[in-house]
Amino acid sequence: MTNNPSTATVTATISVTPASTATIQCPQVNGTLYTDSWGGKRFRRVCGIDYSGEGEAVDIGNVKVGSLDAYIDACASTADCTGAGWGIIDGDTGPLHTCWMKTNLTKHHEARPDWGFAVLLANNGTTVGEN
């Protein structure tokens, strides 16, 4: 057998954090502010709450995204969106999770600590649309 210097075998071990856990930032970002990518709208990120179901909010659409910031940007670019929820739900696989965009936020309920919700802020810092 001859030794051919132009041929090499490389063995590498790659450690990958599953995308479904790498992108979840709650509860660490709870209470922080985020300005959308276009710089026009400010949101407060809250963890462990959700606005969903009868009498809490109105769903206006959903989109698959890979991070908390991406779901806030999706809401910011959607007409009438005043809040959005995002996180891993039962059956989720892969790097993308559903962002649930809402309007007419009226009341919230407790959710898992890793569930993120963003509420649009008015120019004076109050939540838009919540009674």
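Biologist: Why is cysteine 47 called buried?

Modeller: In this predicted model, its relative accessible area is 12%. Buried means under 20% relative accessible area, exposed means over 50%, and partly exposed lies in between (1.4 Å probe, protein chains only). Since 12% is under 20%, cysteine 47 counts as buried. Being a predicted model, it supplies local features only at pLDDT of at least 70 and side-chain atom pairs only at pLDDT 80 or more, while totals for chains, interfaces and linings use all residues. Residues are numbered from 1 along each chain as its sequence is written, and side-chain values use heavy atoms, with hydrogens and water left out.

Biologist: Where is cysteine 47 found, and what does it touch?

Modeller: It is found in strand E2, residues 42-47; strands (E, at least two residues) and helices (H or I, at least four) are DSSP runs numbered from the N terminus. Leaving aside residues up to four places away in sequence, cysteine 47 touches Cys26, Pro27, Val29, Asn30, Pro113 and Trp115, where contact means heavy atoms within 4.5 Å. Asparagine 30 is 17 residues away along the chain, with 5.2 Å between the two C-alpha atoms.

Biologist: How many aromatic pairs are there, and what makes tyrosine 51 and phenylalanine 117 a tilted one?

Modeller: The count is 2. Rings of Phe, Tyr and Trp (its six-membered ring) pair if their centres lie within 6.5 Å; planes under 30 degrees apart count as stacked, over 60 as edge-to-face and the rest as tilted. The centres of tyrosine 51 and phenylalanine 117 are 4.9 Å apart and the planes stand at 45°, so the pair is tilted. Tyrosine 51 lies in the loop between strands E3 (49-50) and E4 (58-65), phenylalanine 117 in strand E8 (residues 116-121), so the pair ties together parts 66 residues apart in sequence. Tyrosine 51, at 2% relative accessibility, counts as buried, and phenylalanine 117, at 0%, is buried.

Biologist: Why is the pair of tyrosine 71 and tryptophan 86 called stacked?

Modeller: The distance is 6.0 Å centre to centre and the angle between the planes is 10°. The angle is under 30 degrees, so the pair counts as stacked. Tyrosine 71 lies in helix H2 (residues 68-76) and tryptophan 86 in strand E5 (residues 83-86), so parts 15 residues apart in sequence are tied together. Tyrosine 71 and tryptophan 86 are buried.

Biologist: How do you know that arginine 45 and aspartate 69 form a salt bridge?

Modeller: A salt bridge is a side-chain nitrogen of Lys or Arg within 4 Å of a carboxyl oxygen of Asp or Glu. Here N to O is 3.1 Å, so the pair qualifies. Arginine 45 lies in strand E2 and aspartate 69 in helix H2, so the bridge ties together parts 24 residues apart in sequence. Arginine 45 is buried at 12%; aspartate 69, at 26%, counts as partly exposed.

Biologist: How many salt bridges does the structure hold, and what makes aspartate 59 exposed?

Modeller: The structure holds 3. One of them joins aspartate 59 and lysine 102 at 2.5 Å, N to O. This pair links strand E4 with strand E6 (residues 97-103), 43 residues apart. Aspartate 59 has a relative accessible area of 51%, which is over 50%, so it is exposed. Lysine 102 is buried, with 3%.

Biologist: Why does arginine 112 count as partly exposed?

Modeller: Its relative accessibility is 37%, between 20% and 50%, so arginine 112 counts as partly exposed. Arginine 112 forms a salt bridge with aspartate 114, the closest N and O atoms being 3.0 Å apart. Aspartate 114, at 26%, also counts as partly exposed.
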